[in-house]
Each structure stands twice: as structure tokens, then as C-alpha cells.
Amino acid sequence: MNAEKLLHWKGASFNFTFTWRSGRNLITDAGLYTLQQPQEVWGRGQTTRLTQLWYNQNLGGGFSFKVGRLPTGADFDNIPCLTMINYFCGATTGNMDGSRWYNWPVSVWGGLVKYNNPHWYFQVGAYEQNDRNLDNYLFIGYLHGATDVLLPFETGVRVHLGSHGYPGAYRIGGWINTAAAPDVLLANDGRPATLAGVSMLQRSGSHGGYLWFQQQLTGTFTEKPGEDAVVTQGLTAYVTLTMVDKETGPVSSQVTASLRYLGLPGRKNDAVTLAFGTNHVNSRLATLYWYQDGKKGPRRNSEFAIETDYTFQATKWLYLEPNVQFWVDPGGYTQKNMITVFGVKTGVTF
């Protein structure tokens with residue numbers, strides 16, 4: 001809501017969003033063992049919750065602030081949702097380390113301060129760490145139960161490359177979480193844990209970082225000062241690299257690369273996407289040997305996911321997006337067979 005037009009509050013805006021999700025979890029139903037969701041809409045189970053309730057104020061000179069109920073991934077590490085797999089949809093940090101970084105539709109109390117000009121921006125935020133925010137039922141937001149704070153920061157530049165001046169957005173960010181987190185390898189006595197149920201060593205905090213690149217390679221675009229350019233036709237490349245604290249994160253790194261072509265012959269609003277991603281199971285976690293009947297369990301390494309989509313824009317208000325997914329070494333288990341998943345997304349704009 002634009003409060004400047006509605007209430008004559010100069011530079012002010014509000015946002016109020018509820019989300020409702022209902023369905024079944026394909027990982028559970030089909031026993032897929034994948035590290036991330038094949039259906040991004042499932043994320044955080046089936047919930048009805050307040051997802052956004054915030055106030056944003058433009059202070060002039062490129063400075064602004066936002067406060068209220070916010071998903072951390074709405075403003076930090078926020079990448080376009082290109083496909084159906086979570087590798088390529090939503091903030092990569094939240095998809096990898098969702099116990100500490102909350103993506104849509106989960107919101108927390110928090111805020112950020114941002115400086116933005118046509119060429120670059122910098123922002124820093126603070127968000128409560130409160131596990132009660134994951135409760136799966138309708139609520140506005142808890143005022144008690146917060147334990148610590150998540151502190152993300154991010155900067156990015158907007159560039160134009162080549163003789164055609166094709167636009168690109170290049171971002172780097174990171175985060176510090178002050179909440180205690182269990183070590184993935186060591187027990188309380190400082191030795192590697194080899195038995196399920198032992199108390200793990202508690203670390204005093206955690207951290208991580210990410211890179212995100214978007215570069216148009218062909219075609220046409222539109223842009224406004226201080227905003228990322230919008231591709232109207234052509235080929236665009238996307239690359240992400242995300243690292244998570246190896247002391248506390250079961251998955252330590254993720255790399256993705258995607259190509260998307262918008263504006264097919266005779267179908268200017270249709271698009272084709274090809275995406276590749278890999279998650280690497282923390283090598284410290286992989287050193288653990290879990291015993292069952294006196295035998296060593298399987299060792300885990302990296303998972304690989306490939307997806308190709310066709311976005312069919314049936315009308316201005318309806319799109320259909322059939323896709324096929326290939327999962328190699330699901331869950332990081334080299335012993336598992338490759339999984340093939342067929343899916344379809346649809347969206348309706350009222």
C-alpha cells in the first residue's frame with residue numbers, strides 16, 4: 001500500500017500479507033531423501049500465517065528503513081523464483097539453513113536500514129531468533145520467546161556490459177547469528193559423537209555468506225533508477241554460491257547456475273529455463289559413522305539437481321509451468337538411484 005498517495009505520508013508504504021498452504025509433501029510420500037524440496041510451495045509444511053506486516057519509510061538521499069513482521073529472505077539473499085525446486089527459488093541461505101534463517105512464508109519481528117542509488121546499495125538488518133515462529137497455525141506474531149538475533153548484511157552493484165549495455169546485478173552478503181547451535185560432529189565431551197541420542201557440543205553462534213549474480217546476455221530490457229533491470233526478451237544467466245558455518249550446518253555449501261530465455265517466437269511472454277544445482281553435505285558430518293547392528297552406515301557427499309521448465313503464459317492472469325527434474329545422489333547418498341520427478345506449477349493473478 002502506498003501511504004503517500006492514500007494518507008499523504010511522504011515516502012511511506014505498508015505491506016500486509018497472509019499466506020495459506022495446503023497439500024502433501026512429495027519427499028515424505030515418495031521417500032525421496034532429497035536435501036531440498038522438489039516442490040517449493042511446500043516449504044515449512046502446510047500453514048496459515050501472517051507473512052508480512054511492515055512499514056517502510058524513505059528518508060531521502062537514498063536512505064530508507066523497514067520494520068515489522070518480515071521474512072528474512074524477502075530482503076536478503078533474495079533471488080528470482082525460476083523453477084519448482086527450492087535450489088533455484090527463494091533465499092538460498094534459508095533453503096539450506098532453515099532453522100536459523102526464515103524464508104517466506106515465515107515472518108519474524110525485525111527491520112533493516114538501506115542505502116540505495118542507481119549504481120549500488122548496502123543494507124543491514126536485525127531479526128529475532130525465535131523458534132516459536134515455526135508453529136504451524138494461524139498467529140499474528142509472538143512477543144515472547146526470542147532467544148537471540150540474526151544479523152544479515154548485503155551489498156550489490158548494478159552494471160551494464162558490452163556494446164549493447166546488457167544489465168547485470170551482482171551481490172555479496174553474509175550473516176551472523178548469536179543463538180547457540182549444536183556442533184554437527186562433536187559431543188559435549190569434545191569427542192566425535194558416534195551414537196544417536198548423545199548431547200552435542202553447543203556452539204555460541206553461527207555464520208555464513210553468499211554470492212548472487214544475474215547477467216542478461218541477449219535481448220531487451222527496461223529499468224528504473226535504483227532498481228534492477230527487468231528483462232523483456234532474451235537470455236539471462238544466474239549464478240549463486242552459498243556457504244554455511246561448517247561447525248553447525250549439516251549442509252555446508254551450495255552452487256547453482258541457471259539459464260532462462262524469455263520471449264519465444266510467436267510467444268513473447270513464454271520462457272524456457274534450465275537450472276543446475278548441487279548441495280554438499282558438511283564433511284565434518286560425513287565423518288560420523290552411525291552404527292546399526294554393528295555395521296557402518298552409508299557415507300554422504302554431494303547431491304545434484306537438474307530442472308528444465310517451460311513457462312506458458314496462457315493469459316495475462318494465468319500461467320502454467322510444466323517441468324522435469326533429475327536428482328543425482330539424492331540426499332548425498334551415492335548408493336541411491338537417480339530420481340526423476342515430473343511437476344507443474346500454475347499461477348493466477350487477480
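**View 1. Helix H3 gives the most to the lining of the second largest pocket, with three residues.** The model is predicted, so local features require pLDDT of at least 70 and side-chain atom pairs count only at pLDDT 80 or more, whereas totals for chains, interfaces and linings use all residues. Residues are numbered from 1 along each chain as its sequence is written, and side-chain values use heavy atoms, without hydrogens or water. At least two lining residues each come from strand E1 (12-20), helix H3 (92-96) and strand E14 (267-281); helices (H or I, at least four residues) and strands (E, at least two) are DSSP runs numbered from the N terminus. The second largest pocket holds about 840 Å³ of space. Of its 39 lining residues, Asn-86, Cys-89, Asn-95, Asn-103 and Trp-104 are the closest to its centre. A pocket is an open set of points on a 1 Å grid over the protein atoms alone, where a 1.4 Å probe fits, with protein on both sides within 12 Å along at least five of seven lines; lining residues have an atom within 4 Å of a point. The volume is the space filled by probe spheres set on the points, which are joined across faces, edges and corners.

**View 2. The largest pocket has a volume of about 1,400 Å³.** Its lining comprises 46 residues, of which Asn-78, Lys-114, Arg-171, Glu-227 and Asp-228 are the closest to the centre. Strand E12 (residues 230-244) supplies the largest share of this lining, five residues. By class, the lining divides into 17 nonpolar, 17 polar and 12 charged residues, where Ala, Val, Leu, Ile, Met, Phe, Trp, Tyr, Cys and Pro count as nonpolar, Asp, Glu, Lys and Arg as charged, and the others, Gly among them, as polar.

**View 3. Gln-325, in strand E18 (residues 318-328), is buried, with a relative accessible area of 0%.** Buried means under 20% relative accessible area (1.4 Å probe, protein chains only). A polar atom of the Gln-325 side chain lies 3.0 Å from the backbone oxygen of Pro-38. The side chains of Gln-325 and Asn-323 are joined by a polar contact of 3.4 Å; such a contact is a pair of N or O atoms within 3.5 Å, one able to donate a hydrogen and the other to accept it, and residues adjacent in sequence count only if both atoms are side-chain atoms.

**View 4. The largest nonpolar core has 16 residues.** Phe-76, Trp-101, Tyr-127, Leu-150 and Trp-175 have the most contacts inside this core. A second, separate core of nine residues includes Leu-32, Ile-85, Phe-88 and Ile-339. A nonpolar core is a set of buried Ala, Val, Leu, Ile, Met, Phe, Trp, Tyr and Cys residues joined through side-chain atoms within 4.5 Å.

Conventions
Buried < 20%, exposed > 50% of the residue type's maximum accessible area, 1.4 Å probe, protein only.
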